[in-house]
Amino acid sequence: MTKLVQVAVAILVRPNGEYLLASRPQGKGWAGWWEFPGGKIEAGETPEHALIREAQEELGITPTQIQPWIKRRYDYPATHDAEAKTVLLHFFFVSAWQGDLSARESQQLAWQHPRLLNVNPVLPANAPIMHALNLPPVYAISNLAEMGQDNFLHALAKQLDQGLQLLQIRESQLATDVLAALSEQVLKICANYDCRCLLNSSPEQALQLGYHGVHLNSQRLLALTQKPEHLLVGASCHDAEQLQKAQVLQLDFALLSPVLPTQSHPEAVGLGWERFAELLNGLEIPVYGLGGMQHEHLAQALACGARGIAMQRAVWQQKKD
Ligand SMILES: Nc1nc2c([nH]c(=O)n2[C@@H]2O[C@H](COP(=O)(O)OP(=O)(O)OP(=O)(O)O)[C@@H](O)[C@H]2O)c(=O)[nH]1
Ligand SMILES: [Mg+2]
């Protein structure tokens, strides 16, 4: 049996979404590969303590805002410079720290834009993490039925100004020509921002209307045999079987709902956070929680291992800070 190594891993994030990678120094196993700063949890340490100690040792900073995220197990084979081992990685987001950041172990440091990874290779255990970081923590869903088009476009402009990066247009009640006109307007506004738009429809219609992506409902997901090309693809899931299907097809992300009771499906009880976390455990594709979500639920969703939250109502209301 190989040994199990517990590791605390820090994803340092700047307000603009960039995150920090470091190269593994010469002399360590997998030297030259890129990773997040961090290291082994020592006996008697909590993962948080190890995270802070490692950030001090490797970067000369003390994290002050720490958010637990995914735990991930990975089996490393033996290589020319390292023995075989199994790691249990405890990932944390670190969004604030004290001290001046510097490379204390002669490692190289590189800030990465979430969508333009420009260093390689990254440690193989991190592949699904890099994939998840391609996506932002908030996924907004349109709600014309309740808001009307003018209010929606107004609220959209405001959210784009505040950094919204992922949007689903979910308006299957609209006639084709009305949807086409709305889509043109939305895509035009979003083009001025770093926001990707998905249409809740068929891949064919999403492509035809010029969307960046398609969002499949669970029925479309279950009927799908191959990931549609040239589109960012998300899918709505309600159980383990649907999540598995989204993973097998290597979709870009899944939406799992309803986490909490919601106005749109008042008859549904909601999975609850515990079941939500259970369903996410071990999954390799990024997942958003949907159903009764408010901005303040983001930390809880991340702690369950989700990439973030999806909102159809609260996202269009002004954030209370
Ligand atoms: N720091 C870090 N380690 C990772 C990541 N992904 C990943 O698989 N690992 C693995 O987790 C283990 C971390 O050990 P480490 O060698 O960095 O430990 P350390 O900083 O305490 O250094 P040490 O070698 O002096 O004990 C390594 O096996 C490494 O391959 C990551 O993103 N960051
Ligand atoms: Mg380390």
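This is a predicted model: local features need pLDDT of at least 70, side-chain atom pairs count only at pLDDT 80 or more; totals for chains, interfaces and linings use all residues.
Residues are numbered from 1 along each chain as its sequence is written, chains are lettered from A and ligands numbered from 1 in the order in which they are written, and side-chain values use heavy atoms, with hydrogens and water left out.

Ligand 1 is surrounded by 19 residues, a residue being counted as near if one of its heavy atoms lies within 4 Å. The closest of them are Lys28, Phe36, Lys40, Tyr76 and Asn126. By residue type, the shell around ligand 1 comprises 9 nonpolar, 3 polar and 7 charged residues; here Ala, Val, Leu, Ile, Met, Phe, Trp, Tyr, Cys and Pro count as nonpolar, Asp, Glu, Lys and Arg as charged, and the others, Gly among them, as polar. At least two residues of this shell come from each of β1 (4–12), β4, α1 and β6 (85–98). Such elements are DSSP runs numbered from the N terminus, with helices (H or I) of at least four residues and strands (E) of at least two.

A side-chain N or O atom of lysine 28 lies 2.9 Å from an oxygen atom of ligand 1, and a polar side-chain atom of lysine 85 is 3.1 Å from an oxygen atom of the ligand. A polar backbone atom of phenylalanine 36 is 2.7 Å from a nitrogen atom of ligand 1. Of the 630 Å² of accessible area that ligand 1 has on its own, the protein covers 85% (Shrake-Rupley method with a 1.4 Å probe; for residues, only the protein chains shown count as cover).

The magnesium ion (ligand 2) is coordinated by Gly38 (O) and Glu58 (OE) at 2.2 to 2.3 Å. Donors are N, O and S atoms within 2.8 Å of the metal (3.2 Å for Na, K and Ca), and sites may look incomplete because water is not among the atoms. The pair links distant parts of the chain, with glycine 38 in strand β4 (residues 38–40) and glutamate 58 in helix α1 (residues 47–59), 20 residues apart. Glycine 38 and glutamate 58 are both buried (under 20% relative accessible area; exposed is over 50% and partly exposed in between, with a 1.4 Å probe and protein chains only).

Strand β8 (residues 138–141) is covered on both faces, with Val138 and Ala140 buried on one side and Tyr139 and Ile141 on the other. Two strands pair if DSSP finds at least two bridges between them. Strand β15 (residues 308–311) runs parallel to β8 and is joined to it by 3 bridges, with tyrosine 139 opposite alanine 310. Strand β9 (residues 166–169) also pairs with β8 in the parallel sense, over 2 bridges, and leucine 167 is the bridge partner of alanine 140.

Serine 23, in strand β2 (residues 19–23), is buried because its relative accessible area is 8%. A polar side-chain atom of serine 23 lies 2.9 Å from the backbone nitrogen of glutamine 108. Histidine 295, in the loop between β14 (287–290) and α10 (298–303), is partly exposed, with a relative accessible area of 23%.

Notes
A polar contact is a pair of N or O atoms within 3.5 Å; within protein, one must be able to donate a hydrogen and the other to accept it, and residues adjacent in sequence count only if both atoms are side-chain atoms.
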